[in-house]
Amino acid sequence: MALINTKEMFKKAYEGGYSIGAFNISNLEQLQGVLQACKERNSAVIIQASKSAIEYAGINTLVALVKAASDEIGVDCALHLDHGPNFDMAKTCIDAGFTSVMIDGSHLDYEENVALTKKVAEYAHKFDVSVEAELGVLAGTEDDVTSDVHKYTDPEQAVDFVTRTGVDSLAIAIGTSHGAFKFKGEAKLRFDILEDIQSKLPNFPIVLHGASAVDQNVVATCNEFGGDIAGAKGIPVEMLRKASSMAVCKINMDTDLRLSMTAAVRKYMAENPKQFDPRKYIGAGRDSIKSVVEDKIDNVLGSKDSL
């Protein structure tokens with residue numbers, strides 16, 4: 001099998017009214033769980049790694065791991081840099097074999113964001129690598145990305161940004177949030193902003209970050225077996241499914257996988273105190289990730305049989 005860019009999968013997703021799951025990984029078992037689920041559901045998939053995941057696993061190790069697992073399990077996938085902080089990081093990933101990169105200039109002045117994104121897009125397109133950028137600011141914390149404020153994406157500005165940068169997809173801010181603690185009150189997504197952007201940028205792929213649902217049953221399991229995750233709250237599934245039936249072609253999910261794996265490992269170790277084989281308890285985490293991804297494909301993304 002092969003590592004591919006996101007262009008064709010996004011085209012099919014837009015036309016078919018579904019989204020592609022973009023799942024963050026940093027080790028073998030996370031990767032296997034995601035790919036096994038996508039093989040089972042015949043679903044397109046994006047494997048993504050953040051700067052800290054790359055530092056944890058090693059960039060060449062990650063690329064080799066994804067290539068090998070994709071080939072052995074039998075699923076084509078895109079390998080994507082999540083929240084690339086600067087041009088050098090994006091270039092390093094492109095040169096190492098990533099097929100898609102995100103350059104996150106959302107914290108910069110608008111013109112600086114335009115200039116940085118255009119520079120990355122011009123370099124990436126020489127190697128047939130897809131480029132995602134971000135306009136607007138998501139609150140919350142995930143990995144190295146932290147913000148105390150939320151700034152909704154301006155639809156008019158989105159048109160200008162896409163036109164001037166040549167970017168292939170755009171992450172927008174409509175109310176999602178990074179991390180496990182997304183809302184204190186009721187969740188609300190600004191579908192009016194999404195609709196406006198879709199009307200102004202027809203057939204252009206939109207991305208949602210910070211879109212984990214934070215399953216309360218998983219949180220409860222984690223806490224039952226020694227965890228301390230109080231007040232975690234995510235995006236309702238029905239809201240995500242509505243977004244994926246519109247212009248949203250990529251939905252990022254990291255927190256849900258982390259919670260699922262941690263809950264499964266905690267439960268296994270509590271119920272098997274004499275067991276010390278890492279393959280047993282990490283394997284339980286892998287199986288849990290597989291189940292979560294299958295559920296996302298069926299009930300959130302709508303991407304079953306998209307290959």
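Which residues does UniProt list for "binding site" in the unreviewed entry? The entry names Asp 104 and Glu 134, where positions follow the numbering used here, feature names are shortened, and annotations may be inferred rather than shown by experiment. The structure is a predicted model, in which local features need pLDDT of at least 70, side-chain atom pairs count only at pLDDT 80 or more, and totals for chains, interfaces and linings use all residues. Residues are numbered from 1 along each chain as its sequence is written, and side-chain values use heavy atoms, with hydrogens and water left out.

Asp 104 lies in the loop between β4 (100-103) and α6 (110-125); helices (H or I, at least four residues) and strands (E, at least two) are DSSP runs numbered from the N terminus. With a relative accessible area of 8%, Asp 104 is buried, a term that means under 20% relative accessible area, as against exposed over 50% and partly exposed in between (1.4 Å probe, protein chains only). When its neighbours within four places in sequence are left aside, Asp 104 is in contact (heavy atoms within 4.5 Å) with His 83, Gly 84, Pro 85 and Glu 134.

A further "binding site" annotation from UniProt, also in an unreviewed entry, covers Gly 179, Gly 210, Ala 211, Ser 212, Asn 252, Met 253, Asp 254 and Thr 255. Of these, Ser 212 is found in the loop between β9 (206-208) and α9 (216-224), and Ser 212 is likewise buried, at a relative accessible area of 2%.

Helix α6 is also packed against helix α5 (residues 87-96), their axes coming within 10 Å and crossing at roughly 15°; axes are lines fitted to C-alpha atoms, for helices over the stretch in contact, and angles run from 0 to 180 degrees between N-to-C directions. The two helices α5 and α6 are therefore roughly parallel, given that angles under 35 degrees count as roughly parallel, over 145 as roughly antiparallel, 65 to 115 as roughly perpendicular and the rest as oblique. Their contact is made by Phe 87, Ala 90, Lys 91, Ile 94 and Asp 95 of α5 and by Leu 116, Lys 119, Val 120, Tyr 123 and Ala 124 of α6.

By comparison, the axes of α11 (residues 255-271) and α12 (residues 278-301) come within 8 Å and cross at roughly 140°, so that α11 and α12 are oblique to each other.
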